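Visitor: I am new to this structure and would like to learn how to read its features. Could you take me through them slowly?

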Amino acid sequence: QVQLVESGGGLVQAGGSLSLSCTASGGTFNRETMAWFRQAPGKEREFVAGITWNGISLYYSDSRKGRFSISRDSAKNTVFLRMNSLKPEDTAVYYCAAGPIALSRVASEYADWGQGTQVTVSS
């Protein structure tokens, strides 16, 4: 059974930085795309960033790309999300996802999901 476990969430002040990590186990992930999504209360799950097995990345927008950075360590089946200049609007539960697919912003394209980690940005 595939398992994804996120870590690194917490409370930060606006303008601060936070790093998230997600480690996969129970399957073969060396050629899978991994991604981060987030979901705020009352809102739909939103794509944040994704990265292929060979390091090609995709972001929600160019503006978000300037603040967020995704990377992975394939040998450790781990994906990271570095978030800088955080804003209160970034507050959400952040989820790790994986799937044997090309880069996609669509949540339904990803087969495996973590339990999420809370990120709260205070004003």
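Guide: Let us begin with phenylalanine 37, which is buried because its relative accessible area is 0%; buried means under 20% relative accessible area, exposed means over 50%, and partly exposed lies in between, with a 1.4 Å probe and protein chains only. This is a predicted model, in which local features need pLDDT of at least 70 and side-chain atom pairs count only at pLDDT 80 or more, while totals for chains, interfaces and linings use all residues. Residues are numbered from 1 along each chain as its sequence is written, and side-chain values use heavy atoms, with hydrogens and water left out.

Visitor: How many aromatic pairs does the structure hold?

Guide: Rings of Phe, Tyr and Trp (for Trp, its six-membered ring) pair if their centres lie within 6.5 Å, and planes under 30 degrees apart count as stacked, over 60 as edge-to-face and the rest as tilted. The structure holds four such pairs. In one of them, the ring centres of phenylalanine 37 and tryptophan 113 are 5.0 Å apart with planes at 55°, so this pair is tilted.

Visitor: Which strands do phenylalanine 37 and tryptophan 113 lie in?

Guide: Strands (E, at least two residues) are DSSP runs, numbered from the N terminus. Phenylalanine 37 belongs to strand β4 (residues 33–39) and tryptophan 113 to strand β10 (residues 112–113), so their pair ties together parts that are 76 residues apart in sequence.

Visitor: Is tryptophan 113 buried or partly exposed?

Guide: Tryptophan 113 is partly exposed, with a relative accessible area of 26%. Its ring also pairs with that of tyrosine 110, the centres being 6.4 Å apart and the planes at 75°, so that pair is edge-to-face. Tyrosine 110, at 4% relative accessible area, is buried. Phe37, Phe47, Tyr110 and Trp113 together form one aromatic cluster.

Visitor: Over which ring does the charged end of arginine 45 sit, 3.9 Å from its centre?

Guide: A charge sits over a ring if NZ of Lys or CZ of Arg is within 6 Å of the ring centre and within 35 degrees of the ring normal. The charged end of arginine 45 sits over the ring of tyrosine 95 at that distance of 3.9 Å, and it also sits over the ring of tryptophan 113, 4.8 Å from the centre.

Definitions and conventions:
Helices (H or I, at least four residues) and strands (E, at least two) are DSSP runs, numbered from the N terminus.
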